[in-house]
Amino acid sequence: MRRPFMTSPAQLESLEGQQYLVLRPTRAVSDVYRAEQRSALGRMDAPHPHTEHVTLRAFHEPERREELLSLIREWAVAQRPIEVVAEAVDVFPAPWQVVILRLRRTPSLVSAYANLSEALESTDFQRLDERSTEDWTFHLSVIYAKTLAPAAWTELSHKSRRSLSSRPAETISEAELVWYEDGVEHSEVIPFGLRSFR
C-alpha cells in the first residue's frame, strides 16, 4: 500500500496547489534512508517526509495539472530505468537546514533530469526551486530542521554528515507525480518506457 509523503495538516496546507515529480526507492536505498531518519529523529523531533523520495521537479500548476501530467507521461515513455546510489549523509545549510541522503550523480539519473529539463524548456509551467542539471544536488530529504537555533543546527549538522562506505544502490523503473489539492495528497505512478492509452 502506498504511504503518503506528508501527513500533518500544516505540511499539507503549505503544499496546497503544488505538484512534485519524484522517484520512490523501495529497496537498498530505502533501507538506509529509513535507518538514517530514525537516527536523526532520535536526536530531535522535527518535520520530515513520511516516505523516502527523490524530487526531480516541483511545480505550482493547480489549474493545468492534466496538461503537466501529459508532458510527464511523454517524458516517461522515452525514459529508461534510473540507477540511484546513496553516497553520503549530508546537509543543505542555513537558511534551509535540511539533513539529506545525498545521491551519486549516476549517468541515468543525470540523463533523466536533463531530458526532463529539455522537455520543459518550451513550456511556461511554473517550476519551484528549479536548478540546472549541473547545479542540482540529487538527494532524499531526511528531516527539515529550519526552526533549529544556529548552535543546535551546527551540532546536528556536524553529527549527521558522513560518507557511506556501503554505497547502497537500486534501480527505479517508474516515477510518481504527487499533488496537493483541498488538503489531500494525491498521486499517479508513471512507468518508464510504456505509452499510456489514456
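Student: Which residues of α4 are buried?

Tutor: In this predicted model, the buried residues of α4 are L109, A112, Y113, L116, S117 and L120.

Student: Where do the buried residues of α4 fall when seen down its axis?

Tutor: The general idea comes first. An α-helix has 3.6 residues a turn, so residues three or four places apart point the same way. Here, the buried residues of α4 fall within an arc of 135° seen down the axis, so they line one face of the helix. The face turned away from the buried side carries the exposed residues P107 and E118.

Student: What covers the buried residues of α4?

Tutor: The cover includes the strands β1 (19-23), β2 (54-59), β3 (82-92) and β4 (98-103), together with the helix α3 (65-77).

Student: How many residues has α4, and what does it reach from its first C-alpha to its last?

Tutor: Helix α4 runs over residues 107-120, which is 14 residues. Its reach is 20 Å, close to the 20 Å expected at 1.5 Å a residue.

Student: Turning to one of the covering strands, how many residues of β4 are buried?

Tutor: As a general point, in a regular strand the side chains alternate between the two faces of the sheet. In β4, five of the six residues are buried, so the strand is largely enclosed by the rest of the structure.

Student: In which sense do β3 and β4 pair, and over how many bridges?

Tutor: β3 and β4 pair in the antiparallel sense, over six bridges.

Student: How many bridges join β4 to β5?

Tutor: Five bridges join β4 to β5 (residues 139-144), and these strands run antiparallel. Here I100 has S141 in β5 as its bridge partner.

Student: How many helices and strands are there in the chain?

Tutor: The chain has five helices and nine strands, in the sequence pattern α-β-α-β-α-β-β-α-β-α-β-β-β-β. Among contacts between residues at least 6 apart in sequence, 79% join residues at least 24 apart.

Student: What radius of gyration does the chain have, and what would a compact globule have?

Tutor: For 198 residues, a compact globule would have a radius of gyration near 16 Å; the chain has 17 Å, which agrees. The C-alpha atoms fill a box of roughly 50 × 35 × 35 Å along the principal axes. Of the 198 residues, 47% count as buried.

Technical notes:
Residues are numbered from 1 along each chain as its sequence is written. This is a predicted model: local features need pLDDT of at least 70, side-chain atom pairs count only at pLDDT 80 or more; totals for chains, interfaces and linings use all residues. Side-chain values use heavy atoms; hydrogens and water are left out. Helices (H or I, at least four residues) and strands (E, at least two) are DSSP runs, numbered from the N terminus. The expected span of a helix is 1.5 Å times one less than its number of residues. Buried means under 20% relative accessible area, exposed over 50%, partly exposed in between (1.4 Å probe, protein chains only). The arc is that of the directions from the helix axis to the C-beta atoms. Contact means heavy atoms within 4.5 Å. Two strands pair if DSSP finds at least two bridges between them. The radius of gyration is taken over C-alpha atoms; the globule rule is 2.2 Å times the number of residues to the power 0.38.
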